[in-house]
Amino acid sequence: MQNSSGMHENEAAKSGRSSVFVVSARKRKLQKISQKSGEGTLLLIASFVAIVVLFIFWFVARDAVPYFRLRGFQEFFTSSEWYPADEPPRFGALAIIYGSIMVTLGSALIAVPMGVIASICLSDILPFTVRQYVKPVIEMLAAIPSVAYGFFALVVFAPLLQNVGGPILMWTWWVIAAPVLLLAVIVASELLTAPIEKEPKKKVLHLVSALFLGSLALLFLYFVGRHLQGLVIMSGTNALNVSIILSFMALPTIVSVSEDALQAVGRELREGSYALGATRAETIIKTVLPAASSGILAAVILGIMRALGETMVVWMASGNSSHIPDPFFNYLESIRTLTATIAGDMGEADQVTGSARFHVLFAMGLLLLVVSFVSNFISERIVVRQRKVLSGQ
Amino acid sequence: MNLGTRKLLDRSFTALGIGSIIIMGLALLVVLVPIVSNGIGALVFRETVEHRKLLLSEFHRGDAGDLEKELVISNGYRQKAFDILAAFDRELEQMEPERQEVYRESYEQVRTALRVLLGPLPGEELPELTRFRYGQTRWDKAEEKLHDLLYEQKWDYSNPDVIAKPNDVSRASIFAGTSLVRLFPYVEENIDRMMMPQWTIYWGFITDSSLDSHFFGGIWPEIQGTIFLAIGAMIFAFPLGVIAAIYFTEYAREGFLNSLLRSANSTLAGVPSIVFGLFGLAFFINTLHVSESKSVLAGSLTLAIMILPTIIRAAEEAILSVPKTYKEASLGLGSTKWNTIMTVILPAALPGILTGGVISLGRAAGETAPIIFTAAVSVGTAIGLGDVLSSPTPALSWNIYNLASEHEAAAQIRHVQYGMVLSLVMIVLLLNLSAVILRARISKKLKG
């Protein structure tokens, strides 16, 4: 039918007679061409992002390779002597890489538990009206520019930490550890006495073990607290300061992405668990969290990347001293990170474009880029897989 | 476990969740409160007569006649302090050399402190730097400097095991028995007559250029630079992002190419901001040579690449949230796909798209790392619109870093730094707020 009408139009066009069909055929053809070309243009513009990603890799790598060609790989990754201005210069970035890892881990230690619990609270516990007030708080935390956080860390938080850091640490320890230990004592004493059958004996033993464990916990709390209070913090611009600030910058990402993952777990799973008699906490921990675990993992990876890639806070408040703290987990010492080194050393290095001193900063940039690419790729795979699993059920 | 314990655990789990949300709220307060309270101090403060003098002679603002009258009174009180100095000068001349040695150094400190407080002493040359030509312009600073005049800070090194602590020693006790001892109670009593503090709102902080590397004046060049950079980034990123979003939502077919483009988008979103700076330096400046060196153009392009994924995502979400029936009705009436997109889908998605755009604008304004190597300079005057292609600009985000970390007298200009941080935070938060309002208003309009 369509074929025949098309032939008819063709004939009409050949004979040159004016007819409605001729116009519409031409118009349709034109339309089709313009549509195809339009779509092509759109595709071109949409693939601009991919081109940009390629360009970023290419141009950062192009300036990073000369460094490795000049100095090789060994020094960069194994030495911790960073003296780029000396003669001969030394470019050992181990301490700097370690500094990056340290603040990233430190902020993850704070942000991951808090963020996951907060997202659970948002998706499962809080009523809708309260949620509406919490969301803007998280959005504002995410919106505050990083340099404002950096300024806060440097001008407000660092002096505070330096002057009253010990008491602050002690109070934080008490506030966090005391309730946790109290719960642990209650649960542990109950579990210990669970096998005993006889009623009066059980009660007495329960009480005794609770008192014993409780006094142990209290002693532990007290001595750790006293140790923390006695700590002398030489400089407020240290890894602890940066980790705390970075954790609050990573929190919004973790909360919003893992909340999405928790929401994606259907009602049916939760209701099934409630029907079996589980409490809300048990439902969340034993049913919802395992189902959402991969999405939460993706959220954690994204949040950690935010902390690793952050520049201004670490540049302003980490102290910028390139050494591995002693002992290696000492968060009260100043450190230096990859991002801060790139930002801080470029000013002196870019007058000598072409030197190892210039290219080593690009090598650091490439390292960051590769790490962010890999972790992004992993988190994306995880999200895709979770979506498949959840929709497959 | 028995039921009681399980319930207890359940409750404490809830408490833990609520606690962590409360901590997040508290963190926001803890960060914002000092920034807001100290930042307002850059705008609203008690200005001294020195500030009015500065405004008149450097910015040609204020009433010359009024100031003249004030200066007559103020100088009258100051003159008595200077008279005491002159008297002590003569007394010092007549002392035997050993006693002179005792007082010499402390006396120099007194003169310096008085100079810092009131400006150049009589008979001294007008200093080169503007910051030394005037006394304290802010009353809060004047009170600090008055304390420096009245007390000498001595460090206590007697116990080598403890970190040394400063000790205040009254200067009056150092000069006991000399004629200079009269100076200290006199200045302490008459300082407000010498300085004449007045509450003021200094709008010039927003509209003036800085004077003598931010010792005086305002932050207009930085605000303008931030506006230029953010708007420049939007000019490049917004159309591109919206068109890409149209492609992804309306034209893209599931397949390898599409998933590749999508992962490119999320990769770009995850690139650390400092790497954008490196890329901008290596590509826009060193390869394309869009400008000789740093420029607003290069910075805007770099920022545009950084905010592109955010804009694409927001626009995609907005387009996807347009009801399918709109599109089907339009197609059913015989309009083409492109027509449908332009006349039906985009207008309906506009609030969402604009919201995403405004939020990205805020992000571009607040970012520092991408513009360090591509656009930002620490000192500079406001540039004209014609210079954006070739010249760099000061910007709020960069100058906050620069003034707080690298300025030679960072501790003396904290109020300027706080004012800058507050301005930047305000710009970003107001943009976010207006995005929310915009969304509400336009969607109301569209509903009719």
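Predicted model: local features only at pLDDT ≥ 70, side-chain atom pairs only at ≥ 80, totals over all residues.
A cavity here is a set of points, on a 1 Å grid over the protein atoms alone, where a 1.4 Å probe fits but cannot get out.

The largest cavity holds about 110 Å³ of space, a volume being the space filled by probe spheres set on the points, with points joined across faces, edges and corners. It has 13 lining residues, and His51(B), Tyr202(B), Phe215(B), Gly217(B) and His415(B) are the closest to its centre; lining means having an atom within 4 Å of a point. In chain B, helix 2 (49-59), strand 6 (216-217) and helix 17 (414-447) each give two or more residues to this lining. Helices (H or I, at least four residues) and strands (E, at least two) are DSSP runs, numbered from the N terminus.

Sorted by type, the lining has eight nonpolar, four polar and one charged residue (nonpolar: Ala, Val, Leu, Ile, Met, Phe, Trp, Tyr, Cys and Pro; charged: Asp, Glu, Lys and Arg; polar: the others, Gly among them).

## An open pocket

Now for a pocket (an open set with protein on both sides within 12 Å along at least five of seven lines).

## Reading notes

Residues are numbered from 1 along each chain as its sequence is written, and chains are lettered from A and ligands numbered from 1 in the order in which they are written. Local features need pLDDT of at least 70 and side-chain atom pairs count only at pLDDT 80 or more, while totals for chains, interfaces and linings use all residues; side-chain values use heavy atoms, leaving out hydrogens and water.
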